[in-house]
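Please walk through this structure with me, from its sheet and turns to its helices and its surface.

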Amino acid sequence: GVEGTTETLRQVRVAMDSAQHTHAFAEAMGLHWETWCVPLKNEDGEVDLVVSTTMDITAHRRAESELQ
């Protein structure tokens, strides 16, 4: 879904602009997602790229909900 993509792109931009990692949770396409974005700097200390990992945590969220 577009909402998940928009949030991921926002997280990448924050990581690029601030040179700090980001961590966010989102719900998109009926699923729950956890995303980490980590900026990587070159030898001049400038951010060259951002590594992003997104995990489907839907089963974890459902289990949490059932325990409550």
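A polar contact, as the term is used here, is a pair of N or O atoms within 3.5 Å; within protein, one of the two must be able to donate a hydrogen and the other to accept it, and residues adjacent in sequence count only if both atoms are side-chain atoms. The model is predicted, and local features therefore need a pLDDT of at least 70, while side-chain atom pairs count only at pLDDT 80 or more and totals for chains, interfaces and linings use all residues. Residues are numbered from 1 along each chain as its sequence is written, and side-chain values use heavy atoms, with hydrogens and water left out.

A contact of this kind involves N42, where a polar atom of the side chain lies 2.8 Å from the backbone nitrogen of D44. N42 belongs to the loop between β2 and β3, where helices (H or I, at least four residues) and strands (E, at least two) are DSSP runs numbered from the N terminus. Is N42 buried or exposed? On the scale used here, buried means under 20% relative accessible area, exposed means over 50%, and partly exposed lies in between, with a 1.4 Å probe and protein chains only. N42 counts as buried because its relative accessibility is 17%. The hairpin of β2 and β3 has five residues between the strands, and G45 takes a positive phi near 85 degrees there.

Strands of a sheet pair through backbone hydrogen bonds, either parallel or antiparallel, and two strands are taken to pair if DSSP finds at least two bridges between them. Here three strands make an open sheet in the order β1-β2-β3, with antiparallel pairing. Because β1 (22–28) and β3 stand at the edges with a single partner strand each, one side of each is left without a neighbour in the sheet. On average, and with direction ignored, neighbouring strands of this sheet are turned by 25 degrees against each other; for such angles, axes are lines fitted to C-alpha atoms, for helices over the stretch in contact, and the angles run from 0 to 180 degrees between N-to-C directions.

How many bridges join β2 to β3? There are nine, and the two strands run antiparallel; V38, for example, has V51 in β3 as its bridge partner. M29 is not a glycine, yet its phi is positive, and M29 counts as exposed because its relative accessibility is 56%. A19 also has a positive phi, near 60 degrees, in a residue other than glycine. A19 sits in the loop between α1 and β1 and is partly exposed, with a relative accessible area of 28%.

A salt bridge is a side-chain nitrogen of Lys or Arg within 4 Å of a carboxyl oxygen of Asp or Glu, and the structure holds two of them. In one, D17 pairs with R13, the closest N and O atoms being 3.4 Å apart; both residues lie in helix α1, four residues apart, about one turn of the helix. D17 counts as exposed because its relative accessibility is 58%, whereas R13, at 49%, counts as partly exposed. In the other, E64 pairs with R61, with the closest N and O atoms 3.6 Å apart, and both residues lie in helix α2 (residues 58–67), three residues apart, about one turn of the helix. E64 is partly exposed at 34% relative accessibility, and R61 is partly exposed at 28%.

Finally, which residues make the nonpolar surface patch? V38, L40, L49 and V51 make it, with an area of about 300 Å², and β2 (31–41) and β3 (47–56) each supply at least two of its residues. Patches are made of residues with over 30% relative accessible area and no salt bridge, with like charges joined within 9 Å and nonpolar side chains (Val, Leu, Ile, Met, Phe, Trp, Tyr) within 5 Å; accessible areas come from the Shrake-Rupley method with a 1.4 Å probe, and for residues only the protein chains shown count as cover. L40, in strand β2, is partly exposed because its relative accessible area is 38%.
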